[in-house]
Amino acid sequence: MRNKTIKSLLLPVLCFIAANGQAQGTLEDYRRAYSLYGKFNATQVYNDPADIRWDGKTAFHYSVYTPEGTDYYVGKVTGDVKTANVKAIHMKALAELLSRETGKDIPRNTLRLSRLNVDENQPTSVSFEFDGYKWEVEEACTAGLRLGSKEALPPKDPWRKPRHWMEVDDEKGAAPVVSPDGKRQAYIKNDNVYVSDRDGRHERALSNDGTAGNYYSSWLKWSPDGRYVCANKIRPAQKRYVYYVESSPKSQLQPILHQQEYAKPGDELRFKVPCIFNVETGQAVIPSTELFDRQYDLYGPEWKEDGKAVTFEYNERGHKIYRVLELDAETGKVRTLVEESSPTFVNYSRMFRHILKGGKEMIWMSERDNWNHLYMIDMEKGKVIRQITKGDWVVRRVLKVDEDNQVIYFTASGVNPKEDPYHVHYYKINMDGKEMTCLTPEEGNHSAVFNEDYTLWIDKYSTAEQAPVTVLRTAQGEKTEGRTLAQADLSKIKSAGWTAPEIFTAPGRDGVTPMWGIIQRPTNFDPQKKYPVIEYIYSGPGDAYTPKSFLSYNGYTTALAELGFIVVQLDAMGTSYRGKKFEEVCYKNLKDAGFPDRIQWIKAAAEKYPYMDSTRVGIYGCSAGGQEALAAVLFHPEFYKASYSSCGCHDNRMDKIWWNEQWMGYPVDSSYIACSNVENAHRLTRPLMLVVGEMDDNVDPASTMQVVDALIKANKDFELVVLPGVRHSMGESYGEHKRFDFFVKELMGVEPPKWDELKQK
């Protein structure tokens, strides 16, 4: 079947090449593709501020690349932002000073400063770290700069291996927690809660029912008045582990077996109960678990300001209910302050709450009207007082709740219906829901850095097509006043052939809702040629994934296009920030991956641009994208003709619990089987390359190997690349070369150049 497919593809390709007189996927194309990162990387984009920081309320600094090296600018706002004083540090003089002081040759063009700080009272006096010292330099913006002080940095703490993100903190072994008055301490001993004086005298147990199989957490919380101590009692669950054989370790000849904690869908989980102890009387308050009895997890507890109760958050297994609960310290009664529910899923990673001073009201984030918005909640009645933000757009992130001025600062996208709905803008709004003001008005995707009191901010904005602009801003009533600090200089990369990707929109499966994506063409693009199309895919409601800001080099599209492809990327239904109905298309249906929208979008692009050959479409991705890339050729082989799938979570029962139960639900049911690439491997009729790192600690490598087993049993032809010692990856440099060759062979019908030829100049 595969040979017939290749022949059917190859004949029209060869006929086209003969008519056009020029092949694609040549040695020259490969060499040019591999050269583009050096030509297009960020250091070749000048006057584009990075590392933007405020030093107090009025001073700031940032760095920019220039042809001479990295420049650092310091500034201070003393009145009108348009007249703010901004100066460059004299890098040539600084390099000479550091060379003299260190006795080393420090070229100006390689000098980089870390932990730069500006003296707010004297902004031309700066401090930074370099070569193991903290340096203070005065008059840094002049050729006559001088050394103020030089202080050796303390030795770094011994490196400690951080807890792996799949490991659950057992909440054991934390240090004693000191009471608010500083006189006593609470701690865990023999799985129970104890208190004593700070010197360890007058020790006594507050609990005596803790055991190894049902112990008290060492994350202890004192009430603000010191009357109570709160702790979670934890009933642990048996842990699952994934094992990896490192075949080719650098440290020894023999393989090494690694073990990694790794919970999967359906696994038993621990159970928590918040308990409160009166330190003086010893009375224990153990609540009923009725309102939190089907736990995925509990977050908290946190004491309320008045010390009479704690609040905690309950995430129900299956993620259809999420509650903020309150436990009364005297009565032990638990009540619901706010509840989110959904017949599909509550996207709990977006939850935000802020209890206002006095403890009677809470700002809460919710998708209850289909759009992610902010609400004011009455904590006494557990009801909505008012909806603070509203409209067919989404709040992305709350930055600050300014209770003194009754203002909320936040980011949002989709507010302007004439703009790309994914563009992030910054806003402020009164807590009564009035006077919403855009703080970043220009069209584009914005990233702002605010000073301490949010009266000044530096705003950098761009699009995938437009170079970054950086503006210093302040509020003027309901408008903003700004001064342009920098406009990125693209002359260097443009002279090397760089062209921006095209932002393209077309309706999806419903014929109405626009899908937004990008089209990347090669630098030697010729509209008279015919180009196979490759889609880079990563989907799922965790985020949106298509670049919205300027990128000089897109690692997923730039080099691959240079071989003679049109490479595309888009966000289809099942991804975030277009409303809950848009994203929950994926519920119990991850195999959908937005393919009906993607296919319509690519066909629309090919109709507009006849040089895009929609009869030769390939697809590739990693992780969830690896699962989706394989699903494309299993479920839509009439459209997708070749797939490169790396480190895919090919069966959602085999992958991490938190990702898969969020979108596929609990308990594990037949939908997991229907979406499994393993169960559907027998459908394969298109060329496939599977790639996996043997040390992948994100997605169990067995997920890929089970697909391999199913394909072998179904007598299917495919390619497998196993990368020794490699973790979760698209395939690293070796895998990239294999991917290049795979698509050149399968979509162009061209034999790629020999690998040794690429090394020859």
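**Cavity, strand, helix and loop**

Analyst: In this predicted model, the largest cavity is lined by Ala464, Trp498, Thr499, Pro501, Ile518, Gln520, Pro547, Ser549, Leu551, Ser552, Asn554 and Thr558.

User: How much space lies in the largest cavity?

Analyst: About 80 Å³. The structure holds 7 cavities of 30 Å³ or more.

User: And how does the lining divide into nonpolar, polar and charged?

Analyst: The lining of the largest cavity has 6 nonpolar residues, 6 polar ones and no charged ones.

User: Pro547 is on that list. How far is Leu111 from Pro547 in space?

Analyst: Their C-alpha atoms are 31 Å apart, and 436 residues separate the two in sequence. Leu111 sits in the loop between helix 3 and strand 5.

User: Is Leu111 buried or exposed?

Analyst: Leu111 counts as buried because its relative accessibility is 1%, and the cut-off for buried is under 20%. Beyond its neighbours within four places in sequence, Leu111 has contacts that include Tyr72, Leu98 and Phe130.

User: New topic: strand 16. Which side chains there are buried?

Analyst: Val242, Tyr244 and Glu246, which point to one face.

User: Which way does strand 16 run against strand 17, parallel or antiparallel?

Analyst: Antiparallel, with 6 bridges joining the two. Val242 stands opposite Gln260 of strand 17.

User: Last one, helix 7. What should its span be?

Analyst: Helix 7 has 14 residues, so at 1.5 Å a residue it should span 20 Å. The C-alpha atoms at its ends are 20 Å apart, which agrees. Among its buried residues are Phe595, Trp601 and Ala606.

Definitions and conventions. Residues are numbered from 1 along each chain as its sequence is written. This is a predicted model: local features need pLDDT of at least 70, side-chain atom pairs count only at pLDDT 80 or more; totals for chains, interfaces and linings use all residues. Side-chain values use heavy atoms; hydrogens and water are left out. Helices (H or I, at least four residues) and strands (E, at least two) are DSSP runs, numbered from the N terminus. The expected span of a helix is 1.5 Å times one less than its number of residues. Buried means under 20% relative accessible area, exposed over 50%, partly exposed in between (1.4 Å probe, protein chains only). Two strands pair if DSSP finds at least two bridges between them. Contact means heavy atoms within 4.5 Å. On a 1 Å grid over the protein atoms alone, a cavity is a set of points where a 1.4 Å probe fits but cannot get out, and a pocket is an open set with protein on both sides within 12 Å along at least five of seven lines; lining residues have an atom within 4 Å of a point. Grid points are joined across faces, edges and corners, and a volume is the space filled by probe spheres set on the points. Ala, Val, Leu, Ile, Met, Phe, Trp, Tyr, Cys and Pro count as nonpolar, Asp, Glu, Lys and Arg as charged, and the others, Gly among them, as polar.
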